[in-house]
Amino acid sequence: QIRSKEAAVGPRWLARSQLSVLHMLHLLAVLSASDMPLSGLRAFPSAGATVAAHAAAAHALDRVCYPKDGMWSAAQFEEEIRSPRTAALGAWTVGDSGDEALVGMCFTSTVLDEASLTSLAVHPRLRRRGIGEALVCESMARAQAAGAARFLLEVRLGNEAALRLYGRCGLTVAGRRPRYYRDGEDALLLSASMPAEGGGASPMRRAGGRLSEGRDSSIQQIDRLPRAFPERKSDKTSGHA
């Protein structure tokens with residue numbers, strides 16, 4: 001389990017799969033025992049002893065959002081978290097005991113000046129509360145601050161909820177990939193140009209400013225966190241947010 005912004009990795013003999021099961025049980029306990037206040041958005045550590053625990057937490061959430069086995073294994077999550085190309089951002093909720101559980105995550109991969117969203121997930125019990133939008137907008141802002149000029153992702157043609165979410169973040173349709181998914185459904189390619197900071201109002205700045213308009217206290221708490229802006233392929237990006 002993850003304790004108040006520090007990760008407890010547990011006994012070293014536990015395999016990744018066992019750690020993921022423990023995180024799933026912890027996640028269920030936290031969600032059932034608290035009113036789910038959010039402690040905010042936080043980047044995953046990319047090095048150190050806590051990476052394995054964070055990867056297990058990500059895998060546990062992935063399995064909840066993408067039954068039966070999730071889109072990635074715990075080992076794949078750990079590899080992505082450690083990759084210098086990857087930026088992993090999580091949303092955390094606090095249980096009555098003070099322990100934290102991962103309830104939302106957004107992974108992006110950057111090559112040269114293009115950042116691509118590779119995984120977005122929000123726990124089913126916490127969807128439609130602005131968490132997915134906050135994760136995407138913050139990930140875009142961080143990618144822009146790191147020098148990315150374009151943000152890309154694929155989404156299912158029929159996923160209207162995800163399309164609305166991405167639209168609020170400033171992403172627009174740039175193309176279509178026929179029969180992109182295993183079941184034959186087409187994917188839409190969405191993109192957003194991200195001007196250098198100081199170059200005018202960006203999609204992330206506009207979208208981020210809207211987060212404070214919600215009445216949900218957890219969304220307002222996210223909006224108070226420090227941001228890059230003061231104001232504000234696969235099935236993995238099918239928009240469980």
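## Nonpolar cores

Leu-135, Val-136, Tyr-166 and Leu-171 touch the most other members of the largest nonpolar core, which has 31 residues. A nonpolar core here is a set of buried Ala, Val, Leu, Ile, Met, Phe, Trp, Tyr and Cys residues joined through side-chain atoms within 4.5 Å. Buried means under 20% relative accessible area, exposed over 50%, and partly exposed in between (1.4 Å probe, protein chains only). At least two residues of this core come from each of β3 (38-43), β4 (86-94), β5, β6, α4, β7 (150-156), α5 (160-168) and β9 (187-193). Helix α4 gives the most, with seven residues. A second, separate core holds 17 residues, among them Phe-44, Val-51, Ala-88 and Trp-92.

In soluble globular proteins, nonpolar side chains tend to be buried together.

## Model and chain

This is a predicted model: local features need pLDDT of at least 70, side-chain atom pairs count only at pLDDT 80 or more, and totals for chains, interfaces and linings use all residues. Residues are numbered from 1 along each chain as its sequence is written, and side-chain values use heavy atoms, with hydrogens and water left out.

The chain has seven helices and nine strands. Both are DSSP runs numbered from the N terminus: helices are H or I with at least four residues, strands are E with at least two. Of the 241 residues, 50% count as buried. The accessible surface of the chain is about 11,200 Å², and carbon and sulfur atoms account for 51% of that surface. Areas come from the Shrake-Rupley method with a 1.4 Å probe; for residues, only the protein chains shown count as cover.

Helix α3 spans residues 74-82, and Ala-74, Phe-77, Glu-78 and Ile-81 are buried in it. These residues lie on the same side of α3, because they cover an arc of only 100 degrees around the axis. The arc is that of the directions from the helix axis to the C-beta atoms.

Ala-101 sits in strand β5. Its relative accessibility is 3%, so Ala-101 counts as buried. Ala-101 and Leu-38 are 63 residues apart in sequence, yet 9.5 Å apart in space, C-alpha to C-alpha.

## Positive phi in two loops

Most residues other than glycine have a negative phi. Leu-112 has a positive phi, near 55 degrees. Leu-112 is in the loop between β5 (99-111) and β6 (114-122). With a relative accessible area of 82%, Leu-112 is exposed.

Arg-128 also has a positive phi, of about 65 degrees, and is not a glycine. Arg-128 is in the loop between β6 and α4 (131-145). Arg-128 is exposed, at a relative accessible area of 73%.
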